[in-house]
Amino acid sequence: SQGVIFVEMAALTNDSTSRRITLYGNSSERIVISYGVSSNRIECAILGSNGSGVTTVLFTTNYQITNINKIAYKWSLDGIELWVNGIMVDSALSSAIPNILNDIRFDDGSGGNKFYGKLKNLQVYPTALTDEELLLLTGLPNETYYDSYLAMSQNLTYTIK
């Protein structure tokens, strides 16, 4: 009923071809991370029973898909979130959260839309991660992240008046 899938991946080309990685369940429920058919579209979707009925799609077109991107998709009873390179880019409430996801497929779950690309890392967490954990997981290397504005201003020697 909750979890996170994290990938570091890049498409070989930005040619409007759908490339998918799927967490697949016993009753054909799926969570899909893909490069969509629109230019530079990163999307995640929850599909209902038997793979029919997309219940929720989150997406962004703000990133070059031929570059390695760190993408995390979080789902829980509280909602779903799409994180890319340290930023939550989309979120929504979802009424249909898959119960059992026990297989990873490098396609849409039924053999189509195969994933052709570069995959550096793939991790699945059986629990929903916090925003801080997702920031650290998807953040860019050599970036410094702060717990608060005050901590940032003190570290960067800002003077707050």
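**Reading a predicted fold, step by step**

Q: What pattern does the protein chain follow along the sequence?
A: Helices (H or I, at least four residues) and strands (E, at least two) are DSSP runs, numbered from the N terminus. Read that way, the protein chain here runs β-β-β-β-β-β-β-β-β-β-α-α. The secondary structure comes to two helices and 10 strands.

Q: What should I know about the model and its numbering?
A: This is a predicted model, with residues numbered from 1 along each chain as its sequence is written. Local features need pLDDT of at least 70, side-chain atom pairs count only at pLDDT 80 or more, totals for chains, interfaces and linings use all residues, and side-chain values use heavy atoms, with hydrogens and water left out.

Q: How many residues are in the protein chain, and what share counts as buried?
A: Buried means under 20% relative accessible area, exposed means over 50%, and partly exposed lies in between (1.4 Å probe, protein chains only). The protein chain has 161 residues, and 43% of them count as buried.

Q: Which strands form the open sheet, and in what order?
A: Strands of a sheet pair through backbone hydrogen bonds, either parallel or antiparallel. Two strands pair if DSSP finds at least two bridges between them. Here five strands form an open sheet, in the order β8-β7-β6-β1-β10, and the pairing is antiparallel. The edges are β8 and β10, each with a single partner strand, so one side of each has no neighbour in the sheet. On average, neighbouring strands of this sheet are turned by 15 degrees against each other, direction ignored.

Q: How many bridges join β7 and β8?
A: Five bridges join them, in the antiparallel sense. Take L82 as an example: its bridge partner in β8 is D90.

Q: How does α1 sit on the sheet, and what angle does its direction make with that of β6?
A: Two terms first. Contact means heavy atoms within 4.5 Å. Axes are lines fitted to C-alpha atoms, for helices over the stretch in contact, and angles run from 0 to 180 degrees between N-to-C directions. Now the case: α1 packs on the sheet and touches β1, β6, β7, β8 and β10. Its direction makes about 155 degrees with that of β6.

Q: Which residues of helix α1 are buried?
A: Helix α1 covers residues 131–138, and its buried residues are L134, L135, L137 and T138. Look down the axis of α1: these buried residues fall within an arc of 165 degrees, so they line one face of the helix. The arc is that of the directions from the helix axis to the C-beta atoms. The buried residues of α1 pack against β1 (3–11), β6 (69–76), β7 (79–84), β8 (87–92) and β10 (117–125).

Q: Where do the residues of strand β4 point, and are they buried or exposed?
A: I42, C44 and I46 point one way from β4, while E43, A45 and L47 point the other way, and all are buried. Strand β4 spans residues 42–47, and six of its six residues are buried, so it is largely enclosed by the rest of the structure.

Q: How does β3 pair with β4?
A: Strand β3 (residues 30–35) pairs with β4 in the antiparallel sense, over six bridges. Y35 stands opposite I42 in β4. The two strands form a hairpin with six residues between them. In the turn, N40 has a positive phi of about 55 degrees.

Q: How many salt bridges does the structure hold?
A: Side chains of opposite charge can pair when their charged atoms come close. A salt bridge is a side-chain nitrogen of Lys or Arg within 4 Å of a carboxyl oxygen of Asp or Glu. The structure holds four. One of them links R41 and E43, with the closest N and O atoms 2.5 Å apart. Both R41 and E43 are buried.

Q: How far apart are the closest N and O atoms of D15 and R19?
A: They are 2.9 Å apart, in a salt bridge. D15 is partly exposed at 43% relative accessibility, whereas R19 is buried at 4%.

Q: What does Q2 contact, leaving aside its neighbours within four places in sequence?
A: Q2 lies in the segment before β1. Its contacts are W75, S76, Y125, P126, T127 and A128. Q2 is partly exposed, with a relative accessible area of 36%.
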